[in-house]
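Q: I am new to this structure and would like to learn how to read its features one at a time. Could you take me through them slowly, giving the idea behind each before the case at hand?

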Amino acid sequence: MNPLIFKPIYKERVWGGQKLATHLGRSIPANQSIGESWEIVDREVDQSVVADGAHQGETLKKLLESHGPEIMGPNYKPNTPFPILVKWLDCSHTLSVQVHPPKSVAESLNGESKTENWYILKHEPKAQLYLGLVPLTTLEDFSSALEKNQLEPLLAKTETRAGNSYFIESGTLHAIGGGNLILEIQQNSDTTYRVHDWNRLGLDGKPRDLHPKETIKSLIINDLPILPSRIEGKSSVLAECPHFRITGYRLNADSSPLILPAQESPRLIHVTQGEVTDICSQHSIAFGDTALQPYTSEIQLLADEDSTVLITDRF
């Protein structure tokens, strides 16, 4: 089976913009604030559809029903959704301050845990990220700040830098500042508890719902700073956890093919610079695309120009 590329699903968001068109060359509605492009998703409401090739038009769910072990490996359990959700985020404006519940409390809140990773593709000058709380903040401090609508001074901030990668575990309070274009690789979850939305209105002209009680139950306070990873040299592991591993590679015209053997793991291939070609299938993977490598297929990636590729596996 050849590598699979899916049609993106675009989501309008109050904080979105048009960077998916101007920076990634996507055709998106010009009159909407498109904040998210879901590159691969297997959920009841949203289903990725194969863009071309022998399986064109098939949903990811149907593919797993008919080719589950071929795509996911011999231990695949039927009717198990694809475990990873990949998005491009155009954060033209600042996202809400939010948290995703850790596994220990998610079920009691009727939610799903969500550990995620952000890879910063581009950003505007002085764009920021909000990653956790400033050191020595207690839960009592947090609750008091919420009541007084004075949360911002407790948020740990960092300036964005292209090429930085941030691993954010479930239970971590976070927000993305305006002016960032980010590749998000996450567990297959859509549970978000907002606790502060900068006093703005949603797309419907009304304040968006906030979830202070759920946030307090989900929040894990950790005084250790969240530090970025970067690709050093030709390759680096950017994130590793029980849910996935992300490795970054730099390729150029003089590089030997990047060999991704069969029979190890299904993989997701994300091209964040340049373009690469799988010389086994002669399929190209363009800048901004995510391709799914089936478990039973070997891929050998060759670059004709300076390219950066992220590989997500072990999911």
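This is a predicted model: local features need pLDDT of at least 70, side-chain atom pairs count only at pLDDT 80 or more; totals for chains, interfaces and linings use all residues.

Q: What percentage of the 315 residues is buried?
A: Burial is read from relative accessible area, where under 20% means buried and over 50% means exposed, with partly exposed in between. Here buried residues make up 53% of the 315 residues in the protein.

Q: How many salt bridges does a search of the whole structure find?
A: The idea is to look for a side-chain nitrogen of Lys or Arg within 4 Å of a carboxyl oxygen of Asp or Glu. A search of the whole structure finds 18 salt bridges. One of them joins Lys19 and Glu124, whose closest N and O atoms are 3.0 Å apart. This pair links distant parts of the chain, since Lys19 is in helix H1 while Glu124 is in the loop between strand S6 (116-123) and strand S7 (128-133), 105 residues apart.

Q: Which residue does Glu39 meet in a salt bridge, and what is the N to O distance?
A: The side chain of Glu39 meets that of Arg26, at 2.9 Å from N to O. Glu39 lies in strand S3, residues 34-40, and Arg26 in the loop between H1 and S3, so the bridge ties together parts that are 13 residues apart in sequence. Turning to burial, Glu39 has a relative accessibility of 4% and therefore counts as buried, and Arg26, with 13%, counts as buried too.

Q: Which residues are linked in a network of salt bridges?
A: Salt bridges can be read as pairs or followed from partner to partner. In this structure a network of them links Arg13, Glu36, Lys87, Lys114 and Glu184. Within that list, the side chains of Lys87 and Glu36 meet in a salt bridge of 3.5 Å, N to O. Lys87 is in strand S4 (residues 84-91) and Glu36 in strand S3, so that distant parts of the chain, 51 residues apart, are linked by this pair. Lys87 is buried, with a relative accessible area of 3%, and Glu36 also counts as buried, at 7% relative accessibility.

Q: Which residues form a negative surface patch?
A: For such a patch one looks for like charges, joined within 9 Å, on residues with over 30% relative accessible area and no salt bridge. Glu275, Asp304, Glu305 and Asp306 form a negative surface patch here. Glu275 belongs to the loop between strand S16 (267-273) and strand S17 (276-278), and it counts as partly exposed because its relative accessibility is 36%.

Q: How far apart are Thr22 and Glu305, in sequence and in space?
A: Thr22 and Glu305 are 283 residues apart in sequence and, from C-alpha to C-alpha, 21 Å apart in space. For Pro257 and Pro81, the corresponding values are 176 residues and 31 Å. Pro257 is found in the loop between strand S14 (245-251) and strand S15 (258-260), and is partly exposed, with a relative accessible area of 32%.

Q: What is the phi of Leu136, and what is that of Trp198?
A: Leu136 has a positive phi of about 75° although it is not a glycine; it sits in the loop between S7 and helix H4 (139-148) and is exposed, with a relative accessible area of 69%. Trp198, likewise a residue other than glycine, has a positive phi near 60°. Its place is the loop between strand S12 (193-196) and helix H5 (212-218), and Trp198 is partly exposed, with a relative accessible area of 22%.

Notes: Residues are numbered from 1 along each chain as its sequence is written. Side-chain values use heavy atoms; hydrogens and water are left out. Patches are made of residues with over 30% relative accessible area and no salt bridge: like charges are joined within 9 Å, nonpolar side chains (Val, Leu, Ile, Met, Phe, Trp, Tyr) within 5 Å. Accessible areas come from the Shrake-Rupley method with a 1.4 Å probe; for residues, only the protein chains shown count as cover. Lys and Arg count as positive and Asp and Glu as negative; His and the chain ends are not counted. The place of a charge is taken as NZ of Lys, CZ of Arg, CG of Asp or CD of Glu. Helices (H or I, at least four residues) and strands (E, at least two) are DSSP runs, numbered from the N terminus. Buried means under 20% relative accessible area, exposed over 50%, partly exposed in between (1.4 Å probe, protein chains only).
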